[in-house]
Amino acid sequence: MTTRNVAAVDLGAESGRVILGRFNGKKLLLEEVHRFANRPITIHGHRFWNIASLWDETLAGLRKARQRAGSLDSIGVDTWGVDYGLVDRNGFLLGLPFQYRDQRTSTIMEQVCALIPRERIYARTGIQFLPFNTLFQLTAHEYQQPGTLAQAHRLLMIPDLFHNWLSGSMVSERTNASTTQCWDAVAGVWDVDLLTQLGLPTSMLPPVVEPGTSLGPVLAEWQDDLGSALVIAPATHDTGSAIAAAPVSSSDGWGYISSGTWSLVGVELPQPLISPEVLAANYTNEGGVFGTTRFLKNVMGLWLLQECQRQWARDGLTMDYETLLTDVAGVPAFAALVDPDDPRFLAPMNMPATMNAYLQEHGQEPLQAPAAFARCILESLVLRYCEVFRQMSVLTGKDIKGVHVLGGGARNAWLNQWLANALGIPVIAGPHEATAYGNALMQLVGLGDLQSLAEVRTAAQRTATRLFEPQATQHEAWQEAAGRFRVLTGTH
């Protein structure tokens, strides 16, 4: 076959990339052609996405991809979940999209659950209760700006918004719709009754399509720049795309961590797992490709380290990631531990100061050296991952025999080796660009080049990975630390 050229637009909470994928019928090769920062803005004390800047950078990257390839067969966009834009019938925004870390939802989850029991919400949606879920954002939106939701023709998740601006489509894609806590995970439809009970309009909810669906060619206004490429919805939730690219040969016995700003820790299931026990443990059932379910828990992730780096830069100390990781070796093991999921770490003004306040509250010495913060964060994340996988095995009844670390965290050798040591099982790191791989692979499904999950995973197995075997001599120290961590987090 002739080589397929696809452009994967991958927008993360920290940065965006446009990546050119070339597929020769067997192997998919990726080339990053454009990278740009994603810097949210603050107006009147509220956090918003700088959506115009992201759109401008996306177009710049797509132009580069087309120039590099000569022609593009398709384009697809993935982003983080839960956030949305409200548009009129012409696709014009009715306001800047809020950022999920905005404080407008700080008390909304409790208010909603006082009106509708958690058990009722979870039985339908199967989604982990987090204060920034779309359900709570919409409730906050209605409280703060009454009537705005009713004026909207469509609610579009962020990647759906970009697909609209590229092709004119006004649909949502299922993996991202499933993150909203407005989606019935069992029936596979919007939970209109839930929104109606909260007094939220439902006419704005768009039709929902499967990943790999063609949304039509790019609009005439972009064809001079982008040619006649099709716009194809990948798994538009970035974790959905990342897990699609997991280089596995079977559906059983493996767990995953999609590791970046957030860590999405989970397993792939054939259908949602919803029960009182799962609700009590606060696990989530998000849509995956080809009808699979991503059964997972959101863990705060490398956000803690990223925010420390930002604060140090504000204080005049620039600490790059590689230097930090090199210096970690000189810090004593398990000198300090935190619960990464403590709510105070969601959006603090000063992450190092917030961490030190936590440590002192829990009878630990405050930290000073950047490498000490880094070691504390990485070890605490590993212990949290272990706790999640242990609990997940109990809930699913499945043993986890290996873990795939996908995304940016796959480059962190400390994190991956420590995880193997702590769990006592192999950790397979990579691909680093799992989200872009999965995005491109599902575009190839939309183009008809790949037909099934098995074919997608076969292509994914041709990507580079690194194996971390557990070091038996280190396991006992991690077990002791896990005991301390359980006391610290109240899970003992």
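**Reading the fold and its cores**

Reader: What radius of gyration does the protein have, and why compare it with a globule?

Author: With 492 residues, a compact globule would have a radius of gyration near 23 Å; this predicted model has 22 Å, which agrees. The radius is taken over C-alpha atoms, and the globule rule is 2.2 Å times the number of residues to the power 0.38. The C-alpha trace spans about 60 × 55 × 50 Å along its principal axes.

Reader: What should I know about the numbering and the model?

Author: Residues are numbered from 1 along each chain as its sequence is written. In this predicted model, local features need pLDDT of at least 70 and side-chain atom pairs count only at pLDDT 80 or more, while totals for chains, interfaces and linings use all residues; side-chain values use heavy atoms, without hydrogens and water.

Reader: How many residues count as buried?

Author: Buried means under 20% relative accessible area (1.4 Å probe, protein chains only). Here 60% of the 492 residues qualify.

Reader: Which residues have the most contacts inside the largest nonpolar core?

Author: Nonpolar side chains tend to be buried together in soluble globular proteins. A nonpolar core joins buried Ala, Val, Leu, Ile, Met, Phe, Trp, Tyr and Cys residues through side-chain atoms within 4.5 Å. The largest has 145 residues, with Ile75, Phe162, Met355, Val403 and Leu419 having the most contacts inside it. Helix H15 (residues 370-396) gives the most to this core: 15 residues. A second, separate core has 20 residues, including Ala440 and Met442.

Reader: What does Ile75 touch?

Author: Contact means heavy atoms within 4.5 Å. Leaving out residues up to four places away in sequence, Ile75 touches Leu62, Leu166, Val218 and Gln443, among others.

Methods. Buried means under 20% relative accessible area, exposed over 50%, partly exposed in between (1.4 Å probe, protein chains only). Helices (H or I, at least four residues) and strands (E, at least two) are DSSP runs, numbered from the N terminus.
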